Structures are given as structure tokens and as C-alpha cells.
Amino acid sequence: MQNATLDKSPSVRTRTAKGETAAKQKWLEQRRSYIGATDAAAILGVNPYSSPHDVWLSKKGLTKDETNIAMRHGTYIETFIAAEYERQSGVKVYRSKTYTHPKFPFFGCNPDREIVLNGRRGLLECKSVGYWASKNFGQDGSDQVPEHYMVQCLWQLLVTGYDFVQLVALVDN
């Protein structure tokens, strides 16, 4: 596992849905150098929003990194979901960072947040989903989640070496 110190900064000051910044451009360029969690799901053919070919084009720099309103909404509301998780669960939520696997540096991930629960280090993934998409989730507390989210979570565990992922979803805002 990499140096895994928690960033004690408030979790509210993190990725925002503002326009293209130099920092974001640098992050996007860095992201081209590794296979991320959403890339893994696409490569396996289970990401409904991206294909293996899309990943290849992106890594080769042959596509423009664009976001749509749903992606910007998800990034923006992530902060609220993390704060609400912290409020309801009583578990302190920390900002995360970009990780690369110590043995395979072309494996990487950008978890939404980090948590410590019962002395174990974990990741918090924050999703905003519509009513119909929520039908792909099981009951609260189950491990029944859409396949592409499961792959994303497992990839992040592989890369970070952390113990668990808690995935929380805000349904229809």
C-alpha cells in the first residue's frame, strides 16, 4: 500500500464543477497515464457510459476531455453527499487523492473520499442517481450495486490496498 495518510482538510473543499482550470487540465493529463476505476469498468464492457474503444481513444489523447451536465452535477453534488453521509453516520470523512498501484503504476484511481471505520481504512464513493437507475441497487446496507460501480470499487481497493468501500447513493436528489 502507498503512503496512506489521510488528508485532514475539510472534505467540502474538493473537486468542484467549475470550468476548466490549469489544475484540472494537469489532472486530466496525469489521468491519461493510468487505467482508472471507471476505465476498468469500460474495458470489461460493463460501463454503460464508456466502451473499451473510448478508453483507448482517451488514453491516446485522440478525444477531447468533455463533461456533460450529468457529470458536472455528479461532481458538484459529491460534496453534499459526503457531508450528509458524515452527518448521518457520524463517521469523519476526509478528502482523497490520486493513487497509483505500487507495483503497477499504470493502475490508478481517484476515490471520492476516505473514511476510517472501526480502525479500518476505507473509501467512500458518492453517487447521485435517478429513480430508475436506483432500481439497480439492493436494499440499504446490501452489496447489490450496478456492476460498473462494483468494478470501480474493487479497482480502487486493488490500487489503494484499503480494507473496504462504502458506496452511498443519493436518489433523485
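Buried means under 20% relative accessible area, exposed over 50%, and partly exposed in between, with a 1.4 Å probe and protein chains only.

**Ground rules**

This is a predicted model, so I keep in mind that local features need pLDDT of at least 70 and side-chain atom pairs count only at pLDDT 80 or more, while totals for chains, interfaces and linings use all residues. Residues are numbered from 1 along each chain as its sequence is written, and side-chain values use heavy atoms, with hydrogens and water left out.

**Confidence**

I checked pLDDT (the predictor's confidence in each residue, from 0 to 100). The mean for the protein is 89, and 88% of its residues reach 70 or more. Residues 10-17 stay under 50, and there the model has 20 contacts beyond four places in sequence. A contact is heavy atoms within 4.5 Å.

**Layout**

I counted six helices and six strands. These are DSSP runs, H or I of at least four residues for helices and E of at least two for strands, numbered from the N terminus. Along the sequence the order reads α-α-α-α-β-β-β-β-β-α-α-β. Of the 173 residues, 35% are buried. Among contacts between residues at least 6 apart in sequence, 68% join residues at least 24 apart.

**Helix H3**

Which residues of helix H3 (residues 52-59) are buried? They are Val 55, Leu 57 and Ser 58. Seen down the axis of H3, its buried residues fall within an arc of 165°, so they line one face of the helix. The arc is taken over the directions from the helix axis to the C-beta atoms. Helix H2 (37-43) is included in what covers these buried residues. Just after H3, I noted Gly 61 with a positive phi of about 75°.

**Salt bridges**

I searched the whole structure and got eight salt bridges, each a side-chain nitrogen of Lys or Arg within 4 Å of a carboxyl oxygen of Asp or Glu. Lys 59 and Asp 39 pair up at 2.7 Å, N to O. That pair links distant parts of the chain, H3 to H2, 20 residues apart. Lys 59 counts as partly exposed at 22% relative accessibility, whereas Asp 39 counts as buried at 8%. Arg 31 joins Asp 39 and Lys 59 in a network of salt bridges.

Glu 29 and Arg 32 form another bridge, at 2.6 Å, N to O. Arg 32 counts as partly exposed at 21%. I also looked at Glu 125 and Lys 127, with their closest N and O atoms 3.4 Å apart; both residues are buried.

Where does Asn 118 sit? Asn 118 is in the loop between strand S4 (113-117) and strand S5 (120-129). Its phi is near 55°, a positive value in a residue other than glycine. Asn 118 is exposed, with a relative accessible area of 74%.
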